Amino acid sequence: MDSFFQALQPLPMFSIFFVSLLCIFTFSARSRRKLPYPPGPKGLPVIGNMLMMDQLTHRGLARLAKKYGGLLHLKMGGLHMVAVSTPDMAREVLQAQDNVFSNRPATIAISYLTYDRADMAFAHYGPFWRQMRKICVMKVFSRKRAESWTSVREEVDSLIRTVTANVGSFVNVGELVFALTKNITYRSAFGSMSDEGQDEFMKILQEFSKLFGAFNVADFIPWLGWIHGQGFNKRLASARGSLDGFIDKIIDDHMAKKKKSEKNCTDDSEVDTDMVDELLAFYSEDAAKSYSDGMQSAITITKDNIKALIMDVMFGGTETVASAIEWTMAELMKSREDMKKVQQELDDVVGLDRRVHESDLEKLTYLKCVVKEILRLHPPIPLLLHETAEESTVAGYKIPAKSRVMINAWAIGRDKTAWDEPETFKPSRFLKGGTPDFKGSNFEFIPFGSGSTVVPGNATRTLCIGANSGSPLPVFYLGVA
Ligand code: HEM
């Protein structure tokens, strides 16, 4: 032993410090390498768990979570996937490690159709995404803009006319509500200049939607990409070509209108502007270059950014709101007691001789509880899709870089430890103080996501849901009462 200490004596202090640091580093690197992946079903060589592809839904993943826990690992070909199904795990990835877990995964099709992630929903977390988000929060989703949506009122009027004209016969509420949100979003994006092109645009959207969801083996096993071959790539090119043809013309018309009003020195600040007008204020063809040079000072965007952002809004704002309204009606039809409470509140606050206005929403407390309960039980986007920017550790498990992370908002909203009678439709639970809210800081309730990627524009989303689900309800009430 003595000789050991003697041997140490001549070592200068910094060498001891250096050797200790090296030991700590080697030990932590080794133990990190040895960390296991989160629990999950065993996969086959090469394809991993690809035979379980049909279970990657919110219900399928919730079933798997019962067996393997709130943090679950799957391997699809070469791709690591992690499912998060409990509030605690959601807090870990959306709050504690937000910067690692906030990237968005994009398939080959999504990357191509979003002009190589030129939008906000699929842009990676970083300076470009922050710029896009700033533009959207300032202009596209601002409270002022939400309140100026006269198109909302006109479209709701039109829906009411359709329903009242059909009293005594069947109407397909789902179709009507989807048409309502689609028309509102379309008009807010393009204004009234291009109403005629709606059918053409909807066909383009449908093809985009099919391509977004299409299975492409190259996303999981890149060297098998030839299986889908040229056919798939041709479909992608044709879909994006159609969108270019459609929106380029609209953008050109808007630019011509802007130039004309500048030339005539007309002040159109009073005119109801649409999303293309708002985005054109930031337009510059040099934007892409200045981003790649890292020289971005003022916020500028290209035509591709405008097109990709409009697609975000069309996809993000149409089916989500329609789904919430349809579920609201369905659940209220099943629960006579809650229906009566909503009717009574509408009678008290609004009365029977006029429609709901945005200014009434604050007072419609029970209706707002109903909407929250709908978003808890039936979140329109049940799985939030994220990607890890680098390797990380969660709950002692290794999560590799570029893993696809699926946060199961549906399962979390029904978590037994967080909610009393989680499977029951019970809007009154939100009347109690201390019940989780959906603003993003309560991880038991995340229908709009949380952290940096939460749906932009608090005001817009509340108004959209409120105005839309509030307005058709009195009609529904008159129809069935
Ligand atoms: C019931 C209504 C809605 C629900 C439940 C909903 C839900 C969501 C969810 C869950 C996300 C992903 C958050 C994450 O991954 O962390 C998201 C993102 C987004 N939503 Fe919504 N949404 C709704 C309405 C809207 C509307 C009306 C618009 C546009 C008009 C919109 C535009 C967007 C956009 C642009 C993003 C991407 C945000 C980003 O990446 O920074 N959403 N939404």
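1. A polar side-chain atom of R133 sits 2.8 Å from an oxygen atom of the ligand, a polar contact (a pair of N or O atoms within 3.5 Å). For H386 the corresponding distance, from a polar side-chain atom to a ligand oxygen atom, is 2.8 Å, and for R104 it is 2.9 Å.

2. This is a predicted model, in which local features need pLDDT of at least 70 and side-chain atom pairs pLDDT 80 or more, while totals for chains, interfaces and linings use all residues. Residues are numbered from 1 along each chain as its sequence is written, and side-chain values use heavy atoms, without hydrogens and water.

3. The shell around the ligand holds 22 residues, of which R104, R133, H386, T453 and V455 come nearest; a residue counts if one of its heavy atoms lies within 4 Å of the ligand. By type the shell has 14 nonpolar, six polar and two charged residues (Ala, Val, Leu, Ile, Met, Phe, Trp, Tyr, Cys and Pro are nonpolar, Asp, Glu, Lys and Arg charged, the others, Gly among them, polar).

4. With five residues, α15 gives the most to this shell. Helices here are DSSP runs (H or I, at least four residues) and strands likewise (E, at least two), numbered from the N terminus.

5. Helices α16 (residues 336-349) and α17 (residues 365-377) pack at about 140 degrees, their axes 8 Å apart. Axes are lines fitted to C-alpha atoms over the stretch in contact, and angles run from 0 to 180 degrees between N-to-C directions. The pair is therefore oblique (roughly parallel is under 35 degrees, roughly antiparallel over 145, roughly perpendicular 65 to 115, and the rest oblique).

Technical notes: Polar contact = N/O pair within 3.5 Å; in protein donor to acceptor, adjacent residues only side chain to side chain.
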